[in-house]
Amino acid sequence: MAAQFKKANPRSTTFRLALGYTLLFTASVLLLFAGLYAGTVSFAQQQIRTAIQADITALSEQYQRFGAPGLQELIDRRVNARTTSPELYLLANRNGSPLAGNLSGWPADAIVASDGWLTFDLGIEPEESGKSSRTTYKALARPFALQGGFRLLVGRDLEQLNDLAHRLRNGLLMGMALTAVLAVLGGWYFSRRISRRIERINNACRQVMAGELNQRIPRDDTHDEFDALAGNINAMLGRIEAAVGDVRRVADNIAHDLRTPLSRLRSTLESVDDSDAKHAALREADQLLDTFSALLRIARIEAGERRAGFAQVDLSAMAHDVAELYEPVLDDAGQSLRLEISPGVLAIGDRDLLFQAVANLLDNAHKYAPARSQITLQLSSESGGATFRIIDQGPGIPAVDIERVQQRFQRLEESRSSPGVGLGLSMVKAVAELHGAQLVLDGAGGLTASIRGI
Amino acid sequence: MRLLVIEDDPKTAEFIVKGLQEAGHNAESSSDGKDGLFMALEQDFDVLVVDRMLPELDGLSLVRSLRAAGKTAPVLFLSALAEVNDKVDGLRAGGDDYLAKPFAFSELLARIEVLARRADSSAADTQLRIADLEMDTVRRKVSRAGKRIDLQPREFRLLEYLLRHAGQVVTRTMLLENVWDYHFDPQTNVIDVHVSRLRGKIDKEFDQPLLHTVRGAGYSLREAD
């Protein structure tokens, strides 16, 4: 039976769709968030630069109006007014010695950008070191040369900006994770919903294939594509069931309407006085009736209705039974039967039909293989299912005729003279297919007939 | 024996009744299900031969009604429906045997006689004998004229079946179904070869043959007339 998928199957279309959708969605959100983050941080930096520029303008005006002492006083006032302010000031003389401000000296390791802005690490004052896990803060500053050799450095501690960026990044990452989780859950949910609906259709199809032609796919009245598909498949199954029913009715009618006169013919023959001609005629009539019965049997096997009676069959025991039944006939023809039967091989099937199939193959080997040759009956448990092999040392079947001999009434020219009407292999093929197995003929160097995968 | 044939095809019914009368039985017939059921309920028959497809009341329902009314006479179903499932349906409805149309009259007669015998014979007999041939089914020993005969297990079952139906005609299909327990159509005379091997063991060295071939019908284990 076909493998069923209940959990996520990496080959399922819905699973791959859901996975692709999740990845695409997560990637878009990632891009969006990255843009938002970069924009916010650069906007905040721009704000800081503008503020620094404004400070420089104000301070240089102060210097022009009140000179260095006036500027010094203003800077001291600003620094003292707000101890925790992010504003950084330094007024130095031409030697670089600090005159005012909250920086201890001109930053030595500053990175100077091409536009004149400085970035440097800000040492932490001892009393603050306990509060923060970081040892240094980044700072952004702009130097300005005043008339008279004084140098002014105005900057901002970037702690707040970094803090903002940090919080923003964490927030966005959380959002990302949440989005990804939602996308995965949503994808899983939709994939499962769709898989389930497809699985319902598959289940019904499998039951139909197993011979339950009256099975239908349950409709859900959503009138979507799946519902429409279910409706179409149901309509198709209806047509198939009607067609199979027609075939069966025709077969039953033939059985009833034609076999009754045939049996009357046979009865009339039986009431005739005993003679060789009577028995010859009876044999002919019996053969006609047998052919007819075999045809009807094959038709009904192909219709698959006997699957309803499937049960567990001990194939090993059955193989020994067939061998035991045929052994004397083979022995009389000088043919030896070699058995290679694995013990304990079980299968679900129809015991009588499987017996018939193996018997037919053994019968063929008996008819076509020469005297004093060996016929081998093999039964083995293989990965595809139990397999019967009947190997003879007869003339085999030319490759071009392999397909043909499995059709009804088709026989090889050379065997026209031997008894039989050419339904044996059709019967084997029908039985094999009823059991989901295959009849495989290999006609090179004797014939190997296999029923594979019961 | 008193036999009732319920069959709607007049020619088939006539043929069966005529054949049964020739074989020394008292046979009557009915052509529809209702009529046949009344006859079967009112009178006592030894065996009923019932077609499955009948006007008025089909064969399965007929036999179910008959069994519900407490009638235990053996029933042989006759039908053009010959699949195993159909047979199972027939046996479930209370039938005792099932014969597919078309059939050889000898097959029908053999089966009717076996059914009639089954009703009064005890299948539990462990000592079977005919003439000087003896079988002990418990110790699994066979001897003829005091001389031990060694049989293969299948030959033993074959001889046991023949002994239990000694004097009756046993067909090849009956042997396949009862001794081999498979329902299938052999394309070769496999059964004949088994029987001839058995014959070689029980008859060959003795003057009086016991296992006879009945032309066009099957085999019979009996003493020569």
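Analyst: Let us begin with axes, which are lines fitted to C-alpha atoms, for helices over the stretch in contact, with angles running from 0 to 180 degrees between N-to-C directions. Helices (H or I, at least four residues) and strands (E, at least two) are DSSP runs, numbered from the N terminus. In this predicted model, local features need pLDDT of at least 70 and side-chain atom pairs count only at pLDDT 80 or more, while totals for chains, interfaces and linings use all residues. Residues are numbered from 1 along each chain as its sequence is written, chains are lettered from A and ligands numbered from 1 in the order in which they are written, and side-chain values use heavy atoms, with hydrogens and water left out.

User: At what angle do the axes of H5(A) and H6(A) cross?

Analyst: Helix H5 (residues 315-332) and helix H6 (residues 351-368) of chain A cross at roughly 35 degrees, and their axes come within 10 Å. A crossing is left-handed if the near helix is turned anticlockwise from the far one by less than a right angle, and right-handed if clockwise; that of H5(A) and H6(A) is right-handed. Contact means heavy atoms within 4.5 Å, and the residues making it include A:Leu325 and A:Tyr326 of H5(A) with A:Phe355 and A:Leu362 of H6(A). Ala, Val, Leu, Ile, Met, Phe, Trp, Tyr, Cys and Pro count as nonpolar, Asp, Glu, Lys and Arg as charged, and the others, Gly among them, as polar; the contact of H5(A) with H6(A) divides into 12 nonpolar, 1 polar and 3 charged residues.

User: Which handedness does the crossing of H6(A) with H7(A) have?

Analyst: H6(A) passes H7(A) in a left-handed crossing, and the angle between H6(A) and H7(A) (residues 424-434) is about 145 degrees, with the axes 9 Å apart. Among the residues in this contact are A:Asn360 of H6(A) and A:Val428 of H7(A), and by class there are 9 nonpolar, 4 polar and no charged residues.

User: How is the angle between H6(B) and H7(B) classed?

Analyst: Angles under 35 degrees count as roughly parallel, over 145 as roughly antiparallel, 65 to 115 as roughly perpendicular and the rest as oblique. In chain B, helix H6 (residues 153-164) and helix H7 (residues 172-180) pack at about 120 degrees, with axes 10 Å apart, which means that H6(B) is oblique to H7(B). Their crossing is right-handed, and B:Tyr161 in H6(B) and B:Trp180 in H7(B) are among the residues that meet.
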